[in-house]
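Trainee: I have a model open and some questions about it. Can we go through them one by one?

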Amino acid sequence: MVELKRSEEERALRLHREALVVDTHCDTLMQFLPQRSRGTPARHLGERSDRGHIDLPRMVEGGVTCQTFAMYTGTRAVVPEALLTALQMVDVFYREIEANEGIVPVTTPGEIIAAKKAGKVCGLLSLEGAEPLMGDLSLLRVFYRLGVRMLSFAWNWRTPFADGLYAKRSEGKLPDLGVKALEEMDMLGMVFDVSHLCDSCFWDVVDVKKGPFIASHSNCRAVCDHPRNLTDDMIRGLADHCGVMGMNFAPAFVDKHKATVERLVDHIDHSVKLVGPDHVGLGSDFDGIGSTPEGLEDVSKMPNITRELVRRGYGDEDILKILGGNHLRVFNEVLK
Ligand SMILES: [Zn+2]
């Protein structure tokens, strides 16, 4: 990282402290489940670890206000195991949070703001891939009651709700069940997430969805050509819905040659130049990615993004929007 002048460094740290820093995706819950942590002993939220990217001590150091914890079940099929894993993840989300004073589970923007005032971190529960819903809208309502406030219909494969990136049907449209689930989510007040959808289902969402949606962890395809990133037209479609894209730190989505915090901010620049400063935020994908960009080795390094935004001459207001204000705007509109 380029070193900042002292006044710039002070401004960056002040802004980062002031900001509601929102990260809309991590896969850390998997590492809290012994049976899902890939043969390594399960970690705990409250213990600083030299493994993985997120734990409470490092979140506090990185100045994160609200972290979305995704439940990714890793099954390719709609099988009862997916439901079981998701329910175990709901359990571990609450148990790990309740074991710590410094973090609270949240379901509304008001709770996020109150937690920030109280000097606490927030955890928001999301479901990545609708396999655990088993094609049944009643399970969508059950997961809502369990505190899930963000949902994507598919990981990379097919579910009864939509096609993921690598499971595209020839026509690629959202099935009726997907359209019904979008309506149900609007009624309940849940944030819809398009990351991992195939492009044609994305466009179907643009056509049928009312109000804002997010891409919780997707970058710009024009900066790094990867199918998990959004094309310029897709970014315009998301912006037309007043949505937000969360910048993903996965090196393959940042830069195929060398991923750095500077290259990540190039994606932010691109989105801002294309649709203005209101449609970009953070969605690290921490603990779901094997390696990290230089300068973003774990969540404690989050302030490096703010430093780079300051170095590039972004104004205070825009920096606060990018760090979390934009995502909070969507939460305000969608979550009841
Ligand atoms: Zn993902």
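Mentor: Start with a term: donors are N, O and S atoms within 2.8 Å of the metal. Keep in mind that this model is predicted.

Trainee: What spacing do the donors of the zinc ion follow along the chain?

Mentor: The zinc ion is coordinated by E128 through OE, and by H196 and H217 through NE2. These contacts run at 2.0 to 2.2 Å. Along the chain, the donors give the pattern E-x67-H-x20-H.

Trainee: How many residues apart are E128 and H196?

Mentor: E128 lies in strand β4, residues 121-128. H196 sits in the loop between β6 (191-193) and α8 (199-208). The pair links distant parts of the chain, and the separation is 68 residues.

Trainee: Is E128 buried or exposed?

Mentor: The cut-off for buried is under 20% relative accessible area. E128 has 4% relative accessibility, so E128 counts as buried. H196, at 7%, also falls under that cut-off. Both E128 and H196 therefore count as buried.

Trainee: How do α8 and α9 run, roughly parallel or roughly antiparallel?

Mentor: Helix α9 spans residues 232-240. The axes of α8 and α9 come within 10 Å and cross at roughly 25°. Angles under 35 degrees count as roughly parallel. Therefore α8 and α9 are roughly parallel.

Trainee: How do the residues of the contact of α8 with α9 divide?

Mentor: From α8 come D199, F202, W203 and V206. They meet D233, M234, G237 and L238 in α9. The contact divides into 5 nonpolar, 1 polar and 2 charged.

Methods:
Residues numbered from 1 in each chain as written. Predicted model: local features only at pLDDT ≥ 70, side-chain atom pairs only at ≥ 80, totals over all residues. Heavy atoms only, no water. Donors = N, O, S within 2.8 Å, 3.2 Å for Na, K, Ca; no water. Helix = DSSP H or I, 4+ residues; strand = E, 2+ residues; numbered from the N terminus. Buried < 20%, exposed > 50% of the residue type's maximum accessible area, 1.4 Å probe, protein only. Axes fitted to C-alpha atoms, helices over the stretch in contact; angles between N-to-C directions. Parallel < 35°, antiparallel > 145°, perpendicular 65-115°, else oblique. Contact = heavy atoms within 4.5 Å. Nonpolar A, V, L, I, M, F, W, Y, C, P; charged D, E, K, R; others polar.
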